[in-house]
Amino acid sequence: MHNALQDCKRLLHYETRYSYGMESSDRLRDARIAAGYETAKDAAVAMGVPVSTYIGHENGTRGFPAKRAAQYARKFKVTEEWLLYGKKPVDTASEEMGELISYARVLDFKELRLLKAMAKEMADTRDEEAG
């Protein structure tokens, strides 16, 4: 490791804690705007973050640590994963539907009909309660 270039060492050291580059800064700016803050200064003041620090994070000249990303995510109502890495939240309904489909594949015809009838009954009950 001691023979590695300084830039490589820096990347290896900071990669797990910091998000660098235009992508995270673009997402930070988009989140701020979507949250209703017209300027970076407005957002920084609202969070109690030094204006120059926040502007550096948003324009991409400074990476931001995960702890700061958590603060930004809470304020702008986005996930930390999206802010740092662009990872979208998992749609739990789709995930559960996929799991149900995989279970249904192993059922025989009689069990599948029973499952379908139970699902219809549950949906009807839910509709009655909602209406």
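A residue is termed buried when its relative accessible area is under 20%, exposed when over 50%, and partly exposed in between (1.4 Å probe, protein chains only). The model is predicted: local features need pLDDT of at least 70, side-chain atom pairs count only at pLDDT 80 or more, and totals for chains, interfaces and linings use all residues. Residues are numbered from 1 along each chain as its sequence is written, and side-chain values use heavy atoms, with hydrogens and water left out.

Helices are DSSP runs (H or I, at least four residues) numbered from the N terminus. Of the 22 residues of H8 (residues 109–130), the number buried is zero, so this helix lies largely in the open.

The axes of H3 (residues 40–47) and H5 (residues 66–76), as lines fitted to C-alpha atoms over the stretch in contact, with angles from 0 to 180 degrees between N-to-C directions, come within 11 Å and cross at roughly 105 degrees. H3 is therefore roughly perpendicular to H5 (65 to 115 degrees). Ala-43, Ala-46 and Met-47 of H3 meet Gln-71, Tyr-72, Lys-75 and Phe-76 of H5.

Technical notes. Helix = DSSP H or I, 4+ residues; strand = E, 2+ residues; numbered from the N terminus. Parallel < 35°, antiparallel > 145°, perpendicular 65-115°, else oblique. Contact = heavy atoms within 4.5 Å. Expected span 1.5 Å × (residues − 1).
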